Amino acid sequence: LTGIGDDSLDWTDGWVGKVQYVIIDQADGVGDQGIEADNRSGNNDVTPRSNPTLSNLTFVGGTGTDIGVLLREGTAGDLYNGVITNFDEAGFDIDNTATITQATTGNIEFNSMLISGNAEDLRNDGDTTAPQLAAIANGSNNQIGGNVTDFAARPVGGDRYAPGTAEAAVTATNVNAVDPFFDAVTYIGAVEDDNDDWYQGWTLLVDQ
């Protein structure tokens with residue numbers, strides 16, 4: 001999802017899909033959230049509850065973009081093996097009491113996630129306390145802050161999303177052991193290395 005002018009991956013109303021290998025690169029000036037995740041606005045606890053599983057994510061914000069991952073309105077969900085960077089507001093935010101309940105009861109998993117290089121990596125905007133944010137973010141092998149590749153500084157095309165040493169230093173989760181739908185991987189992010197070119201030649205960005 002490249003050059004999006006609104007939210008890139010936007011779910012609601014009980015979505016329980018599974019997705020692996022996701023590149024999100026928001027357009028400067030008009031891009032909003034990388035993920036905007038809801039259960040239901042009128043009834044945050046309605047069932048079936050939104051509860052997808054995602055793995056191998058590379059999310060790149062830009063000037064004027066909002067939040068890398070915004071979980072709200074009672075959604076659950078599991079995110080593995082991801083990089084969230086360069087968002088102008090925050091890398092990760094969680095809103096609404098029902099969503100916080102999902103997180104604190106184990107229905108939101110963050111594992112092997114590198115959240116760094118954002119204006120604020122974990123957004124403490126009054127909806128959640130700092131300890132609650134830390135509890136959500138302190139899953140297995142997560143790194144909040146520190147080094148991260150500046151994907152946005154690389155030219156469009158070529159190896160724009162190939163990981164660097166910072167990403168290679170994060171221990172990946174074997175998501176195939178979580179659910180056989182997923183490929184077994186030993187790396188975080190949507191791209192394994194410089195030789196992994198699945199995204200080249202058909203991903204597009206607006207002129208930034």
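**Close-up views of the predicted model**

**View A. Within strand β8, glutamate 109 is the bridge partner of aspartate 78.** The model is a predicted one, in which local features require pLDDT of at least 70 and side-chain atom pairs count only at pLDDT 80 or more, while totals for chains, interfaces and linings use all residues. Residue numbers start from 1 along each chain as its sequence is written, and side-chain values rest on heavy atoms, with hydrogens and water left out. Strands β6 (residues 77-85) and β8 (residues 108-115) run parallel and are joined by seven bridges. Strands (E, at least two residues) and helices (H or I, at least four) are DSSP runs, numbered from the N terminus.

**View B. An open sheet is built from five strands in parallel pairing.** The strand order is β2-β4-β6-β8-β9. At the edges stand β2 (18-25) and β9 (143-144), each of which pairs on one side only. Two strands are taken to pair if DSSP finds at least two bridges between them.

**View C. The largest nonpolar core comprises 26 residues.** Such a core is a set of buried Ala, Val, Leu, Ile, Met, Phe, Trp, Tyr and Cys residues joined through side-chain atoms within 4.5 Å. Ile35, Phe59, Val69, Leu71, Phe92, Ile94 and Phe110 have the most contacts inside the core. Strand β8 supplies the largest share of this core, with four residues. Another core, of 12 residues, lies apart from it and includes Val60, Leu114, Val170 and Ala172.

**View D. Valine 69 and aspartate 93 are in contact.** A contact requires heavy atoms within 4.5 Å. With neighbours within four places in sequence left aside, valine 69 is in contact with Ile35, Phe59, Leu79, Ile84, Gly91, Phe92, Asp93 and Phe110. Aspartate 93 belongs to strand β7 (residues 90-94). Its relative accessible area is 1%, so aspartate 93 counts as buried; the term means under 20% relative accessible area, with exposed over 50% and partly exposed in between (1.4 Å probe, protein chains only). On the same exclusion of neighbours within four places, the contacts of aspartate 93 are Ile67, Val69, Leu70, Leu71, Arg123 and Asp125.

**View E. Asparagine 56 is a buried residue of strand β4 (residues 53-60).** The relative accessibility of asparagine 56 is 0%. Its side chain makes a polar contact of 2.9 Å with the side chain of serine 55 and reaches the backbone oxygen of tyrosine 187 at 3.1 Å. A polar contact is a pair of N or O atoms within 3.5 Å; within protein, one must be able to donate a hydrogen and the other to accept it, and residues adjacent in sequence count only if both atoms are side-chain atoms. Not counting residues up to four places away in sequence, asparagine 56 touches Gln20, Tyr21, Val22, Tyr80, Asn81, Val185, Tyr187, Ile188, Gly189 and Ala190. Aspartate 121 is 65 residues from asparagine 56 in sequence and 19 Å from it in space, C-alpha to C-alpha.

**View F. Four helices and nine strands make up the setting of these views.** Along the sequence, the elements follow the pattern β-β-β-β-β-β-β-α-β-α-β-α-α. The protein is as compact as a globular protein of its length, because its radius of gyration of 16 Å is close to the 17 Å given by the globule rule for 208 residues. This radius is taken over C-alpha atoms, and the rule is 2.2 Å times the number of residues to the power 0.38. Of the 208 residues, 52% count as buried.
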